[in-house]
Amino acid sequence: MKVVEQVFLENPITTEIVRNALISAADEMNASLARSAFSPIIYEMKDCSVCLFNQDVELLGQSAGLPIFLGNLDECINVTTKLIGGKQNYRDGDLYILNDSYIGGTHLNDVTTFSPIFYSGELVGFTATRAHWLDIGSKDPGYPMDATNIYQEGIRIPPTKIHDKGKPIVDVIRLITVNNRFTDAALGDLNAQIAACRTGEKRYKELIERFGLERINNCIHDIFKQSEELDSEVVRNIPDGTYEAEGYLDNDGVKDEPILVKVKVVVKGENILIDLTGSSKQRMGQTNCGYAQAISACRVAFKDLISPNSPVTGGNFKTLEVIAPEGTIFHAIEPAPCGWYFTPLGLLIDLIIQALSPVMKEKAAAAHYGDSMVVTFAGEKGQDNKPYLSVEATAGGWGAFNNGDGPSALINHVSGDFKNLPIEVFESKYPLRINQYALRENSGGKGEFCGGLGVVREYEVLNEDTQVSLWFERSLTPAWGLFGGEDGKKPDVEIISGDQSEHLLKVNGRKVLKGDKVIVRTGGGGGFGDPSVRRVVDINRDIRNGYVNA
């Protein structure tokens, strides 16, 4: 084994205090954001993330959030720094906003804010947030399912200063929020993000006051070094070689043809190269993402397999390289739409794990149900016919793994800490009723260890003139099993109107009537190992709990 020089600058007790203080600061930022946001998709469902960075834009601390957000907030700061001519042009109190898909990698609804942190006149770090705005001015409420260019998806914001030395630039903020169907909510959510940034600034400066900047930087050095060495040690134990996998998305929502996702993982020494060459060219529909988001998804898979039990820091991913050719679904360029950027990324993460599973059986898991499976309702409510918009991601089954069944009813890989909207909150806000929310029987793939179960969620429409939009995926490549395990069940959505029933997975703005029902059934996770050797006690428990038929 390679001998790595260990050079630590601070005692481990102080380093652990600082490490946890940085994580706590990020947690407080996230709490500030969630508690002051106006939109339930942020304050209930936690579709947001926050980070603290040092002056070199290396990650110091992050809260629980969407892992797919957390891998590229640094890129937003780096691009902005280049655009304004360097770090010397930041001022204490400045605050920036952006949502450009080709920079941040996600869709336009994901709005990023960040601010520089100054201490005694010196730039010492950055604080950043990202949150999903319910609407961003796209051609349809929320975000459409059938856009063919980014201009149909809403207002596109390049890196833009909205606070100058602590003072808001009101005209610019007004320009952004007025391009939104829910202006008050947009302004409230933006202010919540600004409050979170200011909270992060305050806590980081308090930490410097307590320990001194030099000591803080010594601790950060040690934290990064620990992370880097942990990563390197695991990668060095993977046999050198090339590992490959591929799968298909159902379609891009515009043209009904499968979309190839191809992964090649090359391991050499302590380095990993993930090459996405051969994946589909960018699509007319919205299954595209910016390059930063492809990197982020590869980092999620890397973290899953390499060092899942330690916090992410600026010391991670030093040995990871990602290739995604420009003009593909993983490195989209203008004018490609990116509204459903996460759909290929969920499949990508599963495929990376599958590719490495032959040499990492102890850490690999079978595939999960794969995508956010989004249900959107829009219409008017109340005596004053106020517009409303409900956007829900739906949980599903995760893959089984060595020595364990897959979790049931869990949100998808890219969404991490995302929550579902409690039924009581949902029914109090929207003219809809939820008649059933249950585990989907027989949906997990069989195996020595079984895949987790998907869910059934039945909505009943209570108003006329309601529109439903659907984005469900992974029917062509459902959650596959590993090492003899069977595939999980495919997703299904049924719309019942009177005595008519229709099954479909994607639709944009379909009109439904009072009394109609929309029944969502998400997929299960893949099984792991030969089903014939599953223990009798586990089979009996599955039957007793209603997970499978007798």
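In this predicted model, Ile272 is in contact with Val235, Ile238, Val265, Val266, Val267, Phe302, Ile306, Thr319, Leu320 and Glu321, once its neighbours within four places in sequence are left aside. Ile272 also belongs to the largest nonpolar core, which comprises 118 residues and in which Ile272, together with Tyr204, Val265, Phe330 and Leu348, touches the most other members. The greatest contribution to this core comes from helix H10, spanning residues 342–356, which supplies 10 residues. Apart from this core, a second, separate one of 19 residues is found, with Ile157, Ile162, Ile176 and Ala186 among its members.

The strands considered next form an open sheet of 4 strands, arranged in the order S8-S9-S10-S11 and with mixed pairing. Its edges are formed by strand S8, covering residues 241–249, and strand S11, covering residues 320–323, each of which pairs on one side only. From one strand to the next, the twist averages 15 degrees. In general, the strands of a sheet pair through backbone hydrogen bonds, in either a parallel or an antiparallel sense. Here, S8 and strand S9, the latter comprising residues 259–268, are paired in the antiparallel sense over 9 bridges. Within S9, Val265 is the bridge partner of Tyr243, and Val265 is also one of the residues that touch the most other members of the largest nonpolar core.

How values were computed: Residues numbered from 1 in each chain as written. Predicted model: local features only at pLDDT ≥ 70, side-chain atom pairs only at ≥ 80, totals over all residues. Heavy atoms only, no water. Core = buried A, V, L, I, M, F, W, Y, C linked by side-chain atoms within 4.5 Å. Buried < 20%, exposed > 50% of the residue type's maximum accessible area, 1.4 Å probe, protein only. Helix = DSSP H or I, 4+ residues; strand = E, 2+ residues; numbered from the N terminus. Contact = heavy atoms within 4.5 Å. Pairing = 2+ DSSP bridges. Axes fitted to C-alpha atoms, helices over the stretch in contact; angles between N-to-C directions.
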